[in-house]
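This report walks through one protein structure for a reader who has not seen it before. Please look at the sequence and the model first, and then read on.

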Amino acid sequence: MTARLPQPLLDVYEWQGRGACRQEAVGLFFDSDAHRGASRAAHENAAKDVCRRCPVLAQCRAHGLACEDYGIWGGLTAKERVAIRAQLDAGETAAHAA
């Protein structure tokens, strides 16, 4: 399994100061038990709308895939990141087997 924690250096995180999410309530990017079904989808889509106009989308997505297990990061939900990680791990495993 690949380590998912980034280096603990301030330079690694400087991009966060330029995120479009800085102007939004943090709760927009994290699920609560109050959101289910259509309400949850609307909540996630509202967060993803912010991400779509973000100048640091790529950095945020890379960070989210590397080490975040909760919330919307780089326009991806936690479930979407789990699926992408599984695909990456499967590709890594297949490459080592070849």
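## Overall make-up

Of the 98 residues in the protein chain, 28% are buried, where buried means under 20% relative accessible area, exposed means over 50%, and partly exposed covers the range in between, with a 1.4 Å probe and protein chains only. The model is predicted, so local features need pLDDT of at least 70 and side-chain atom pairs count only at pLDDT 80 or more, while totals for chains, interfaces and linings use all residues. Residues are numbered from 1 along each chain as its sequence is written, and side-chain values use heavy atoms, with hydrogens and water left out.

The protein chain holds four helices and zero strands, and its pattern along the sequence is α-α-α-α; helices (H or I, at least four residues) and strands (E, at least two) are DSSP runs numbered from the N terminus. Among the contacts in the protein chain with a separation of 6 or more, 46% join residues 24 or more positions apart, a contact being heavy atoms within 4.5 Å.

Helix α2 covers residues 37–52, and its 16 residues should span 22 Å at 1.5 Å a residue, which agrees with the 22 Å between its end C-alpha atoms; the expected span is 1.5 Å times one less than the number of residues. The buried residues of α2 are H43, E44, A47, K48, V50 and C51. They cover an arc of only 150 degrees around the axis, and this puts them on the same side of α2, where the arc is that of the directions from the helix axis to the C-beta atoms. On the face turned away from this buried side, α2 carries the exposed residues A38 and R52.

Helix α3 runs over residues 57–67, and its buried residues are C60, H63, G64 and C67. Seen down the axis of α3, these buried residues fall within an arc of 100 degrees, so they line one face of the helix.

## The nonpolar core and its cysteines

In soluble globular proteins, nonpolar side chains tend to be buried together. Here the largest nonpolar core has 12 residues, namely W15, A20, L28, F29, A47, V50, C51, C54, V56, C60, I72 and W73, and α2 gives the most to this core, with three residues. Such a core is a set of buried Ala, Val, Leu, Ile, Met, Phe, Trp, Tyr and Cys residues joined through side-chain atoms within 4.5 Å. One of its members, A47, touches L28, F29 and I72 when residues up to four places away in sequence are not counted.

The core includes cysteines, yet a search of the whole structure finds zero disulfides, a disulfide being a pair of cysteine sulfur atoms within 2.5 Å. For C51 the closest cysteine sulfur is that of C60, and at 6.0 Å this is too far for a bond. C51 is buried, with a relative accessible area of 9%, and C60 also counts as buried, at 13% relative accessibility.

## Salt bridges

Side chains of opposite charge can pair when their charged atoms come close. Counting a side-chain nitrogen of Lys or Arg within 4 Å of a carboxyl oxygen of Asp or Glu as a salt bridge, the structure has six salt bridges. One of them joins the side chains of E14 and R18, at 2.7 Å from N to O; E14 is partly exposed at 47% relative accessibility, and R18 is partly exposed at 41%.

A salt bridge also forms between R53 and E24, whose closest N and O atoms are 3.2 Å apart. R53 lies in the loop between α2 and α3, and E24 in the loop between α1 (10–13) and α2, so the pair ties together parts that are 29 residues apart in sequence. R53 is exposed, with a relative accessible area of 52%, whereas E24 is partly exposed at 31%. In a further salt bridge the side chains of D69 and R85 meet at 3.3 Å, N to O. This pair links distant parts of the chain, with D69 in the loop between α3 and α4 (78–97) and R85 in helix α4, 16 residues apart. D69 is partly exposed, with a relative accessible area of 38%, while R85 is buried, at 11%.
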